[in-house]
Amino acid sequence: LARVVTFMMLSLIIPVYNEAQHIREVLDRLDTVQWPCPVEYVLIDDCSRDGSWDIIEDYRKDHAIVAERQSRNQGKGAALRRGFALATGDIIAVQDADFEYAPEDLVELVNAILLNRADIVYGSRYRKNSPNVHRTFHYAVNRMLTLMSNVLSGLYLSDMETCYKVFRAEILKPITIECNRFGFEPEITAKIAKLKVRVHEYPVQYFPRNYLEGKKISWKDGVAAVWFMLKFNLRGQDDPALRNVPEKYRTAKRIRL
């Protein structure tokens, strides 16, 4: 593992929007993780109005991070798109600016790529070893959306909507990301399903928060997810968003159901 780690770096993309009550603690917790390779934090503040950007600027006085503030609020997908563009690592992972997920769980996901076992790794909240108690409504919606995604894409996942997604940068960075809000999850899943890539899932912990605690996704985003699944899965193998992906990854045969 050490020989592999020497030549690879992880970029952790952290979209931030009105997370003043959490962001500093999240960054401090990330600093305690025993990462298996060098890591850079890429924080994109989506024009927060609660002082989140001030906290980020204060943090980077003593830490070498990449941080940028959007000129206007655009959504999580837009923040991730910008973060992916700024990332310099060989591996790219997504981390929310709250405590719904345990950052320590990312280590196993990153290791799967470092050890050349996978090209893309999803952290599943619904695999058997995930010690989670879910909110009934969100659980039901997530399972329904994942099932629909599986039928359309041909990828058999247990948690399409998970935040924890880890990618080889050479696969992710050339993909055109079009969704500005929470449509990123069904969009990227539909697009990678058209590629010749090894996708793995590992169980992760999940600690759901409610809207009073800052949760932002709503039922409208669930409805939008259905539209995005149809839109991006039905484009076919010649999806123009994938034209710049290296040829060795663009030879997959679509599974027909």
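1. Asp45 stands opposite Arg69 in β3. The chain reaches β3 from β2 through helix α3 (residues 52-59), and this β-α-β crossover is right-handed, meaning that, with the strands pointing away from the viewer, the path from the first strand over the helix to the second runs clockwise. The model is predicted: local features need pLDDT of at least 70, side-chain atom pairs count only at pLDDT 80 or more, and totals for chains, interfaces and linings use all residues. Residues are numbered from 1 along each chain as its sequence is written, and side-chain values use heavy atoms, with hydrogens and water left out.

2. β2 and β3 (residues 66-69) pair in the parallel sense over four bridges; pairing requires at least two DSSP bridges between two strands. Helices (H or I, at least four residues) and strands (E, at least two) are DSSP runs, numbered from the N terminus.

3. β1 (residues 10-16) and β2 run parallel and are joined by seven bridges. Asp45 in β2 is the bridge partner of Val16. With helix α2 (residues 23-32), these strands make a right-handed β-α-β unit.

4. Six of the seven residues of β2 (residues 39-45) are buried, that is, under 20% relative accessible area (1.4 Å probe, protein chains only), with exposed being over 50% and partly exposed in between.

5. Leu234 lies in the segment after α9 (219-233). Leu234 is exposed, at 61% relative accessible area.
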